[in-house]
Amino acid sequence: MPESNSHHPPAASPSPPPPAPISQTPGPRASRLSQVFEQALARTLRANSYANFAGCFPTPARHVPASLEGVWRQLNAKLEANAKAEFDDIIAERDAVAHLNELDRLVGDARARKEREGENAEGQERIVAHTLGAEDLYKAHLTPYLQEAQSTLHARLEATHAENAGLAQTVQAQRLEIERLLSHLGLVVSDIEGAASAATQFSRQHHIRQDAIQMDEEVKARPGL
């Protein structure tokens, strides 16, 4: 007999469960939005009172007040119907109810998580001050002051670094200025030395000339020459 092969269906891979469908029934925020709209529309209709409407049409109000009042009622009814229809269209177009319901769910989850974290924090063991040793108490009281002092020192150190950098630039500029003045002074000294050397040479030549003239005069003054 041929050997029968048994086939087993492959195991389904685990997948996250689909998110719960969002209800289209207005939740707290969607209901509050509708309530705010109704209140705003009611205030608008109250502002368009018959007295205000009749004040815009004094002649018909005086001669045919009933007809004018009927027109006013029809106008307000039309305004109310159109406003509600447009509001409903916007709510449906933007899917506002579903989004607001999702926001309600997220806020509720956040509040529940916060409450659970608070309960866990309350359940943890708290450190009582009198159970700490002297060194721990000393560090606990001294740490805030040390942190503040460290911040102050860092700020002063940064200010000192900035001031030192400015002073270094000033010193460098002054050094360059001194070098320039010394170079110029060297040129002046060279000019003075040259002038002094020329003056000395001129004085020496002048004395030699004077000596020659004197000797010539003495020779001429001797008799028989």
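**Exercise 1.** Find which side chains meet D109 and R105 in a salt bridge network.

*Solution.* Start with the pair D109 and R105: their side chains meet in a salt bridge at 2.9 Å, N to O. A salt bridge here is a side-chain nitrogen of Lys or Arg within 4 Å of a carboxyl oxygen of Asp or Glu. Helices are DSSP runs (H or I, at least four residues), numbered from the N terminus. Shared partners then join E102, R105 and D109 into one network. The link between E102 and R105 is 2.5 Å, N to O.

The model is predicted: local features need pLDDT of at least 70, side-chain atom pairs count only at pLDDT 80 or more, and totals for chains, interfaces and linings use all residues. Residues are numbered from 1 along each chain as its sequence is written, and side-chain values use heavy atoms, with hydrogens and water left out.

**Exercise 2.** Decide whether D109 is buried or exposed, or in between.

*Solution.* Take the relative accessible area of D109: 33%. Apply the cut-offs: buried is under 20%, exposed is over 50%, partly exposed is in between (1.4 Å probe, protein chains only). D109 is therefore partly exposed. R105, at 43%, is also partly exposed.

**Exercise 3.** Locate the salt bridge of K84.

*Solution.* The partner is E80, at 3.2 Å, N to O. Both residues lie in helix α4, four residues apart. K84 is partly exposed, at 30%. E80 is partly exposed too, at 30%.

Technical notes: Helices (H or I, at least four residues) and strands (E, at least two) are DSSP runs, numbered from the N terminus.
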